[in-house]
Amino acid sequence: MEIVVDNLVQVFGEAPNEVLALDHVSHTFPSQRFTCILGPSGCGKSTLAQIVGGIEPYTGGAVTVGAAAQPLGTHSVMMWQHLNLFPWRSVIDNVAFGLEMQGIAKAERYERARRLIAMVGLRGFEAHRPPQLSGGMRQRVALARALIMERPILLMDEPFGALDAQTKIVMQEELVRIYEQTKKTVLFVTHAIDEAILLGDEIVVMTARPGRIKEVIKVDLPRPRSQEMVNTPEFGRLYDRALHLIREEVLNALRQQEEAAG
Amino acid sequence: MGTGTKHKSKAGAIVYIVVPYLTIVAVLLAWEILVRVKGVQPIFLPAPSAIFKYLIAMIADGEIAYHLSITFLRIMAGFLVASATGILVGIAMGMSRLIARIFDPWIAALYPLPKISLIPLLIIWLGTGEAYKIVISAVTAFFPVAIATFASIRQVDRGLVKAAKDLGANTRQVQLKVVIPAALPGIFSGLQLGMGVTIIMVVAAEMIGGSSDSGMGYLLIHAGQVMETEKVFGGLIVLAVFGAIITNAQKRIDRLIAPWMEREH
């Protein structure tokens, strides 16, 4: 499902202390494609994802998801940076939460939840509670909880940011596999360049605050993707391009901070 | 001594467990010897052995069982009233800004007031019967329960609420399925504070002049008035053990209802 963002403006705070977070951002996120939003911290990339998901209201411009004039969030589900799992619920009750809210009977929602739990490789952990699981396993619960909604758009806000390097690689490969199976439209927010290249069909590079789109990089690496592609010359070329853009923006951000401080 | 102090060895672990109890035995022994050698008057400070003898007698003739069960019932009654009203008001305040604004000045004005100072007024209104003891303990315990419930509902992680809404929960579902369970650990700590003050207030209310002819507070004040110091000590020991049992039972019940709490502390 296509997402059209048109001259989106987001302002935080009240008149004298207002902060321009997003400054006339326009982009069309193609249907069934994996788009990574890459930018230095504080560039408004998470804000953009939350606006698309109908989680945050916005100041100006327009966001259109799909054809119908339904409220934002109807067709999308978010996987959060801090996961936001419910610690008092078991794995299966976390995964089935969305179905429970729809009033679907326990037998059916458990059956569907079990299928998703198996898909993310957590069979046997249905009765555990999130605090009893490792970081990577909690990620899988959060992913299953999002996928069970069967919404065409998956929003991901730096979900792998807190993982150790090895677990992160495994989760990325898992996500690539699931994306290639389900063909969702994915918006993946990250500040890690290699992650963006490995996962994305295109990379939207954002500027430091206020967030604007600096450049859109097409990633032509073939699918199925795998971790070995990191060593190809094509990967290296994309990495250098993204790194160059990001470095400029990080330096900009530092300069802004110095000006504000001094 | 190296292994002993780090209690890595089995013997070290035993020392680690046993020594604290040995200090209790040592203090009791010193107390017994002091009283006997110096010939202290039992009215002033009875020997542990004498207290123990009294305690056994009090248990044997059912005196303890009678007074303790009455005190226990009063505590439960006061605590139930306080927790029901406190949780209800706390939840209502946490979920509605208007209700929070209405209750806030009342709580701000009444919470710092020492509740024991309400006793004369309550005796005028309610007499010195059961109603007065339950009301004074419930009023005292209401505040920590209501305040803790309100605070824990207000402090619920916004991320959980956002996630629930994103997964299609409506406002009522968010409150019932997310806010209240997320606030439970905080509500339980309020209930623990409430239980503590309920015990204090019930025993205190039982002590107030002639208001009672039963309960541990009555037993203590009566034994004190007739200079039966052994009985006073016996009553104190019973109350201490009783308090420890109640607090422990409460923690166990909390862990049973909200088992995810262990990991969060």
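Student: Where is P210(A) placed?
Tutor: P210(A) sits in the loop between β8 and β9 of chain A. Keep in mind that this is a predicted model.

Student: And what is the peptide bond from R209(A) to P210(A), cis or trans?
Tutor: That bond is cis, with omega near -5°.

Student: What about the bond from R223(A) to P224(A), cis or trans?
Tutor: Cis as well, with omega near 0°. P224(A) belongs to the loop between β9 and α8 (233–261) of chain A.

Student: OK, phi then. What is phi of N84(A) near?
Tutor: Near 55°, which is positive, and N84(A) is not a glycine. The residue is in the loop between β5 and α2 (91–95) of chain A.

Student: Is N84(A) buried or exposed, and why?
Tutor: N84(A) is buried, because 22 other C-beta atoms lie within 10 Å. The cut-off for buried is 20 or more.

Student: Now chain B. Where is M227(B) found?
Tutor: In the loop between α10 (216–225) and α11 (229–257) of chain B. M227(B) has a positive phi of about 60° and is not a glycine. M227(B) counts as partly exposed, because it has 13 C-beta neighbours inside 10 Å.

Student: Is V216(A) buried or exposed?
Tutor: Exposed, because V216(A) has 11 other C-beta atoms within 10 Å. The cut-off for exposed is 12 or fewer.

Student: What does V216(A) touch, leaving out residues up to four places away in sequence?
Tutor: E202(A) and V204(A). As for V205(A), it is eleven residues from V216(A) in sequence, and their C-alpha atoms are 6.0 Å apart in space.

Student: In what order do the six strands of the open sheet run?
Tutor: β5-β6-β7-β3-β8-β9 in chain A, with mixed pairing. β5 (76–79) and β9 of chain A stand at the edges. Each has a single partner strand, so one side of each is left without a neighbour in the sheet.

Student: By how much are neighbouring strands of this sheet turned against each other?
Tutor: By 20° on average, direction ignored.

Student: How many bridges join β3 to β7 in chain A?
Tutor: Five, and the two strands run parallel. β3 covers residues 34–38 and β7 covers residues 185–190. One pair to look at: I37(A) has V189(A) as its bridge partner in β7(A).

Student: Which strands does helix α1 of chain A lie across?
Tutor: β3, β5, β6 (153–157), β7 and β8 (202–206) of chain A. α1 spans residues 45–52 and runs at about 155° to β7(A).

Student: Switching to the core. Which residues touch the most other members of the largest nonpolar core?
Tutor: L38(A), V95(A), L155(A) and A242(A), out of 121 residues in that core. Helix α9 (residues 171–207) of chain B gives the most to this core, with 14 residues.

Student: What does V95(A) touch, again leaving out residues up to four places away in sequence?
Tutor: Its contacts include A113(A), L116(A), I117(A) and V141(A). A144(A), R145(A) and I148(A) are also among them.

Student: How is chain A divided into domains?
Tutor: The assignment gives domain 1 (3–75 + 153–261) and domain 2 (86–150). Their C-alpha centres are 26 Å apart. Eight residues from domain 1 of chain A and five residues from domain 2 of chain A make the contact. On the domain 1 side, helix α6 (residues 165–182) of chain A supplies the largest share, three residues.

Student: And how is chain B divided?
Tutor: Into domain 1 (2–40) and domain 2 (51–264). The C-alpha centres of these two domains of chain B lie 35 Å apart.

Student: Last one. How many helices and strands does chain A have?
Tutor: Eight helices and nine strands. Of its 262 residues, 43% count as buried.

Terms used:
Residues numbered from 1 in each chain as written. Chains lettered and ligands numbered in written order. Predicted model: local features only at pLDDT ≥ 70, side-chain atom pairs only at ≥ 80, totals over all residues. Contact = placed C-beta atoms within 7 Å. Pairing = 2+ DSSP bridges. Helix = DSSP H or I, 4+ residues; strand = E, 2+ residues; numbered from the N terminus. Axes fitted to C-alpha atoms, helices over the stretch in contact; angles between N-to-C directions. Core = buried A, V, L, I, M, F, W, Y, C linked by C-beta atoms within 7 Å. Domains from an automatic or database assignment.
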